[in-house]
Amino acid sequence: EKAPEITAAFEEFAALLKKHARAEEKVVYEKLVGQADEEVQQDGYEGYTEHMLADTLLAKLKGGADPLSPEWQAEAKVMKEILEHHIKEEEDAIFSDVRENFEMAERKEMGEAFEELKDEIPA
């Protein structure tokens with residue numbers, strides 16, 4: 001049966017996603033919403049909102065439904081679509097916001113802080 005394999009893979013994915021999201025919020029979004037430019041602030045808040053939606057879906061998917069069921073499969077598909085959208089937004093807006101608003105040394109520091117924090121966040 002594939003359900004245990006899917007559940008195990010999903011649990012691993014959910015843990016990695018949580019670590020990535022919390023570190024990104026602390027290191028990147030918190031700094032963006034603190035900028036003077038309202039468009040940059042909005043990009044930061046949009047990132048927080050997309051993470052909240054992903055957290056909600058993750059919790060629902062972890063809720064014990066059969067991963068082979070049509071409901072779980074549909075929710076997983078929506079989760080994938082939200083994440084794909086989020087990644088595109090990061091590539092199109094967030095990365096340029098960071099490049100335009102922070103000097104190279106600060107960006108390097110942010111990258112190092114992100115990696116460290118990711119490792120410290122419990123799964």
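At 48% relative accessibility, Asp92 counts as partly exposed, a class that lies between buried (under 20% relative accessible area) and exposed (over 50%), with a 1.4 Å probe and protein chains only. Asp92 forms a salt bridge with Lys88. A salt bridge here is a side-chain nitrogen of Lys or Arg within 4 Å of a carboxyl oxygen of Asp or Glu. The closest N and O atoms of Asp92 and Lys88 are 2.7 Å apart. Both residues sit in helix α3, and because they are four residues apart there, about one helical turn separates them.

The model is predicted, so local features need pLDDT of at least 70 and side-chain atom pairs count only at pLDDT 80 or more, while totals for chains, interfaces and linings use all residues. Residues are numbered from 1 along each chain as its sequence is written, and side-chain values use heavy atoms, with hydrogens and water left out.

Now step back to the whole protein. Its secondary structure comes to four helices and zero strands. Helices (H or I, at least four residues) and strands (E, at least two) are DSSP runs, numbered from the N terminus. The order along the sequence is α-α-α-α. Taken along the principal axes, the C-alpha atoms fill a box of roughly 50 × 25 × 20 Å. Of the 123 residues, 35% are buried. Contact means heavy atoms within 4.5 Å. Among contacts between residues at least 6 apart in sequence, 73% join residues at least 24 apart.

Next come the helix pairs. Axes are lines fitted to C-alpha atoms, for helices over the stretch in contact, and angles run from 0 to 180 degrees between N-to-C directions. Start with α1 and α2. Their axes are 10 Å apart and pack at an angle of about 160°. That makes α1 roughly antiparallel to α2. Angles over 145 degrees count as roughly antiparallel, under 35 as roughly parallel, 65 to 115 as roughly perpendicular and the rest as oblique. The crossing of α1 and α2 is left-handed. Left-handed means that the near helix is turned anticlockwise from the far one by less than a right angle, and right-handed means clockwise. On the α1 side, the contact includes Phe10, Phe13, Leu17, Arg22 and Glu25. On the α2 side, Tyr45, Tyr48, His51 and Asp55 are among the residues involved. By class, this contact has 13 nonpolar, four polar and five charged residues. Ala, Val, Leu, Ile, Met, Phe, Trp, Tyr, Cys and Pro count as nonpolar, Asp, Glu, Lys and Arg as charged, and the others, Gly among them, as polar.

Helix α2 (residues 38-61) also meets helix α3 (residues 70-101). Their axes come within 10 Å and cross at roughly 160°. So α2 is roughly antiparallel to α3. The crossing is left-handed. Its contact residues divide into 14 nonpolar, six polar and eight charged. Ala54 is found in α2. At 6% relative accessibility, Ala54 is buried. Beyond its neighbours within four places in sequence, Ala54 touches Met79 and Leu83. Lys18 lies 36 residues away from Ala54 in sequence, and their C-alpha atoms are 9.4 Å apart.

How do α1 and α4 cross, left-handed or right-handed? α1 passes α4 in a right-handed crossing. The axes of α1 and helix α4 (residues 104-120) come within 8 Å and cross at roughly 150°. The two helices are therefore roughly antiparallel to each other. Among the residues in this contact are Ala23, Val27 and Lys31 of α1, with Met110, Phe114 and Leu117 of α4. The contact has seven nonpolar, one polar and seven charged residues.

Finally, return to charge. Side chains of opposite charge can pair when their charged atoms come close. A search of the whole structure finds nine salt bridges. One of them joins Glu25 and Arg22, with closest N and O atoms 2.9 Å apart. These two are about one helical turn apart, because three residues separate them in helix α1 (residues 3-33). Glu25 is buried at 14% relative accessibility, whereas Arg22 is partly exposed at 24%. Salt bridges link Arg22, Glu25 and Asp55 in a network. Lys26 and Glu30 also pair, at 3.4 Å from N to O. They are four residues apart in α1, so about one helical turn separates them. Lys26 is partly exposed at 46% relative accessible area, and Glu30 is partly exposed at 40%.
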